[in-house]
Amino acid sequence: MGLFNFGKKKQETVKDFANAEVKKVKEKSHMLAIPKHPEQLTDVMQIVERLKNAKDFTMLQMGMREDRVPWHEIEYMGEKYEFVIYPEHYKIPELFRVQHFFEDVDVKEIDKQETGLVIAMDFSDKFLESYHLQLKIIHTIFPEVLAVIDYDAEKILSGTWLAYAAEGKTPPAPRYLFTAQAVYDNNEVWLHTHGLNRCGLMELEIIGSTKESSNNHYRVLESMASRLIDEPDSLDDGGPIYLARFVNGQPLMVTWVPWQQAMGLVNKKSLGGPADRTDECGHNGYTGCVYAYQSSADMENKRYSHISVYDELLENNPMFMFTNQETDRLRTLAIERVDYMKKAFLGGAKGVLIKVGLKIDEEHRTDTNEREHIWFELKSVQEDTFTAVLTQEPYMVSGMHEGDEGTYLYTDITDWIVFTEKNRISPDDIYLLDK
């Protein structure tokens, strides 16, 4: 039955769901830190001193709640945040192992320990900053952690990755705030996210995917979730999102439908259908199902199409759109960590791709967009510049073509990827280069 054991399913009618109220939810973000040195869990004075002397945030006040849980208020980047900390016995759910992303986490070593420290906090409206702060709090309390369990996103974070992320100036990618899970039964796949509710955002789903199409549908889901993190109001009133452009120039316009309404659009026996929406099974909270609009008329009349109508076009490497915020974050992080890329290239990496922001033709420029971000293959590095070959045909830069070679400044970089024997490493994953 895939990743979940749903047990006995209680049947409910579509009418019951259709009349249900859609309630917006914002939950606390819960992470459990597992220190490399377990004795630090009981050293309360050391934890207090580290929080008071934190370099990245300022302690404003601390106290004890009525339930004897330590409470703290801090200031970070002009915002005030509150969080609580408390020890908790843990057992890693089996699903978290499946979702495990970081290869250096020793699950056997984690299982030897029985207790970690929960850091629970409310996010502000600046979701990436809030997430980054939570990592910094953990790193301040425990400079060395074995791993962190992100309960909301249902994933395990590498302690090594967390140290790099917490010490950096730039927040991690939006994809770290959530996990997209796949539940499957024979050829049927149900994709859904975990982690967005802590931002006050709806979780997203695609019902009725297949094993063949699920990877492409996953890219749609991940791209849409990342867009919501950057632009949380982009789907107010069901407004469409321009998510990607296909190679034929056609746009991919997506929207969401409350899961209650979507029950009238899916096969009642589908994974993610009515039987999976009971209190026992979950997934009956603040969540919406992703659909596509095929035309302007569809948008005006709220005619939804399943994402699978674009399966053929999704196979042909569509260009997914980044927000200006994400483009700026990628650029800042790529430049902040460019020395790791140069070191890997000179150290014999199998290949390096660098994304450069090229000025687009005058007729395509807008107030918010004047550059096309395109991948180049790195050929050589100099002190202040690098030489690279364009790997694709630009859409909006008529004077350049695939195969053109040029020299660029490191400040022109907006992203990079290092290919090693085992990994595909982005600036977010530089800890793997040190391994």
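Mentor: A residue is called buried under 20% relative accessible area, exposed over 50%, and partly exposed in between (1.4 Å probe, protein chains only). This is a predicted model, in which local features need pLDDT of at least 70, side-chain atom pairs count only at pLDDT 80 or more, and totals for chains, interfaces and linings use all residues. Residues are numbered from 1 along each chain as its sequence is written, and side-chain values use heavy atoms, with hydrogens and water left out.

Trainee: Why is R65 called partly exposed?

Mentor: R65 has 34% relative accessibility, which lies between 20% and 50%, so the term applies.

Trainee: What makes R65 and D67 a salt bridge?

Mentor: The definition asks for a side-chain nitrogen of Lys or Arg within 4 Å of a carboxyl oxygen of Asp or Glu. The N to O distance for R65 and D67 is 2.7 Å, so the pair qualifies. By this rule the protein has 14 salt bridges.

Trainee: How do you know that R329 and E326 are separated by about one helical turn?

Mentor: They are 3 residues apart in helix α11 (residues 324-336). R329 and E326 form a salt bridge at 2.9 Å, and both residues are buried.

Definitions and conventions: Helix = DSSP H or I, 4+ residues; strand = E, 2+ residues; numbered from the N terminus.
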